[in-house]
Amino acid sequence: MSCCHYALVPGNESAFSVDPATIAFGPGVLGEAGEHLKALSCKRVALFTDATLAGLEPVAVALKAIRAAGVDVEVYSEVHVEPTDASFRKATEFAKGGRFDGYVSVGGGSVIDTCKAALLYATYPAELRAYVNAPVGDGKPVPGALPPHVACPTTCGTGSECTGIAVFDDLALKVKTGIASRRLRPALALIDPTCTRTLPSQVVAASGFDVLCHALESYTARPYTARPRPDKPALRPMSQGRNPWSDVGSLEALRLAGKYFVRAVHDANDSEAREGLSWAATLAGIAFGNAGVHLPHAMSYAVAGLVREYRCPGYPQHEPMVPHGISVIVNAPSVFRATAPTSPERHLQAAAALGADVKDVSGASAGFVGAIVSQVVVDLMRAAGVPNGVGGVGYTEGDLEALTRGAIVQKRLVDNAPIPVDDAVMQALFRGALSYW
Ligand SMILES: [Fe+2]
C-alpha cells in the first residue's frame, strides 16, 4: 500500500498530520496588525523588535496600526541578534512584568524566536532548560495554551513565523539549541514583502540560504513512513519527516529560490525577486514546520555556537557571529552529496528546481546526482559571495571533533536525516564542508 508515492511499512507510521499556520501575505499587510490583534481580543500587547529595527519603518507602521485599533502597546527592543539563554531570560522578565494579553514580533527570526520564548516562560514560568529539547534540556511539554502572538517577519528567511520552534545559543554549553512545540506557533503570521526592500545584500543572502535549506532539508528528510507508529496520535512528533504535504511547499520554494535568489541578493530594487523570495520563505517555513529539517541545521548549531572571530558584513560587528543562514549553508553541499543515494530521483528534482540542467542525466548514478545537487548549491554560494565552507567562517581540521560534538547532540534533527549518523559520519560531513572552492 502506498500514499502519494510513499510506500507504507507494516508497523511503522502510516499517517501524517497537517497543522496549518494562519497567514496573511501581501504588500501592506503589516498595516493590518492592529485590527488582527483586536479580533484576537487583545487589549495590551508587547511588541518585540531589535535595536536597529526599532527606528525603522516596519516598526513604525506596526505601532501606528496597533494604536489606531485602540490596543495599548509597549515596545521591547533589546532582542539579541542570534539570541542567547541570557537574552531569552531578559526578554522573559520584560514579558512577566507587563500584564500583556497578546504579543507582536516585528523582525527576523531572532526577534520572532525571542518573542516565542518570552511569552512561554512568562505564561508558564520555569527554569530555561525545562522546555528546551532533550538531551540539552529537559524537553518538558508546554503545559497549555499560550496568549496570541502575531509574528511579522522583516527578512525573507527563517520561516519562524510559521513554526513552533525557537532557537538560541546556550553560552555556557557553547551550543545552539531550541524549544519545539506546536503551542509555540504564532496565532497569525503577517508577511509583508515590502519590509524586505531595505535589507542589506548580505542579510538577504544569509536569510535566502536559510530558505533554500529549509526547503531542501524538508524535501530530503527521512520519510514519515520510516518512523515507528506512535502509541497515541498525540505522540506524533512535529518534525514528522517528509510527507506529501511538505513536499508541495518544499519543491515550490526551491523553484522560487532558484528563480529569484541571486536577483534578490544583488538588487534591492528588484521587488519581484524579493517578493518571490518572501513567498518561498513562507512556503519553506510551512514545509519545515511540518516535516522538520535535518543535518545542515544540526551542524549549523555547532558552527554558530563555536564561533571565534568571524563577523559577517551587513550584521552587527561588535561581536563575532555567524548568521544562521550562513552557518547552515556552509554544510549543505557536503550533506546533500552524502544523502543523494537515499533518494537520487528526489535529489535530482531538487537540483532541477534550483536551476541545474538535468536534461541528460536521467538514470544517472547516485554519486553523480550527489555531485549535481551539491554543485548547484555551491554555484549559488559563489554567486551570493558567502564564505566558501566551514573553513570560510574560521574553522580548520583541528576543529572537526568539537564541531562533531556540538552537532551530534542535536538529536531531533539528526534523527530526521535520511542516513544514519554517528560521530564518524558527522565528522566526515564536516571534513567535506571545510572548503568548496
Ligand atoms: Fe533555519
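The centres of domain 1 and domain 2, taken over C-alpha atoms, are separated by 24 Å. The model is a predicted one: local features need pLDDT of at least 70, side-chain atom pairs count only at pLDDT 80 or more, and totals for chains, interfaces and linings use all residues. Residues are numbered from 1 along each chain as its sequence is written. Domain 1 covers 2–16 + 198–432, and domain 2 covers 28–191. These bounds come from an automatic or database domain assignment.

The contact between the domains takes 33 residues from domain 1 and 24 residues from domain 2. Two residues are in contact if their C-beta atoms, placed from the backbone, lie within 7 Å. On the side of domain 1 that touches domain 2, the elements giving two or more residues are H5, helix H7 (271–291), helix H8 (295–305), helix H9 (324–329) and helix H14 (411–414). H7 supplies the largest share of this side, 10 residues. By class, the side has 18 nonpolar, 11 polar and 4 charged residues. Here Ala, Val, Leu, Ile, Met, Phe, Trp, Tyr, Cys and Pro count as nonpolar, Asp, Glu, Lys and Arg as charged, and the others, Gly among them, as polar.

The protein chain holds 15 helices and 10 strands. Helices (H or I, at least four residues) and strands (E, at least two) are DSSP runs, numbered from the N terminus. The radius of gyration of the chain is 20 Å, close to the 22 Å that the globule rule gives for 437 residues, so the chain is as compact as a globular protein of that length. This radius is taken over C-alpha atoms, and the globule rule is 2.2 Å times the number of residues to the power 0.38. Along the principal axes, the C-alpha atoms fill a box of roughly 60 × 50 × 40 Å. Among contacts between residues at least 6 apart in sequence, 80% join residues at least 24 apart.

Of the 437 residues, 55% count as buried. A residue is buried if 20 or more other C-beta atoms lie within 10 Å of its own, exposed if 12 or fewer, and partly exposed in between, with C-beta atoms placed from the backbone. In soluble globular proteins, nonpolar side chains tend to be buried together. The largest nonpolar core has 136 residues, and Val 45, Val 104, Ala 257 and Leu 277 touch the most other members. Helix H5 (residues 201–220) gives the largest share of this core, 11 residues. The core draws at least three residues from each of domain 1 and domain 2. Such a core is a set of buried Ala, Val, Leu, Ile, Met, Phe, Trp, Tyr and Cys residues joined through C-beta atoms within 7 Å. Beyond its neighbours within four places in sequence, Leu 277 is in contact with Cys 156, Gly 208, Val 211, Leu 256, Ala 257, Tyr 260, Phe 261 and Ala 264.

Helix H8 is largely enclosed by the rest of the structure, because 11 of its 11 residues are buried. Among them are Ala 298 and Tyr 301. Leaving aside neighbours within four places in sequence, both of these residues are in contact with Gln 410. Gln 410 lies in the loop between helix H13 (400–408) and H14. Gln 410 is buried, with 26 other C-beta atoms within 10 Å. Gln 410 and His 294 are 116 residues apart in sequence, yet 9.2 Å apart in space, C-alpha to C-alpha.

Strand S8 (residues 165–170) is also mostly covered, with 6 of its 6 residues buried. Ile 165, Val 167 and Asp 169 point one way from S8, while Ala 166, Phe 168 and Asp 170 point the other way. S8 pairs with strand S9 (residues 175–180) in the antiparallel sense over 6 bridges. Two strands pair if DSSP finds at least two bridges between them. Val 175 in S9 is the bridge partner of Asp 170. The two strands form a hairpin with 4 residues between them, and Lys 174 in the turn has a positive phi of about 55 degrees.

Glu 82, in the loop between strand S5 (72–76) and helix H3 (85–97), has a positive phi near 65 degrees. Glu 82 counts as buried, with 25 C-beta neighbours inside 10 Å. Arg 99, in the loop between H3 and strand S6 (102–107), has a positive phi near 50 degrees. Arg 99 counts as exposed, with 11 C-beta neighbours inside 10 Å. A cis peptide bond joins Ala 134 and Pro 135, with omega about 5 degrees.
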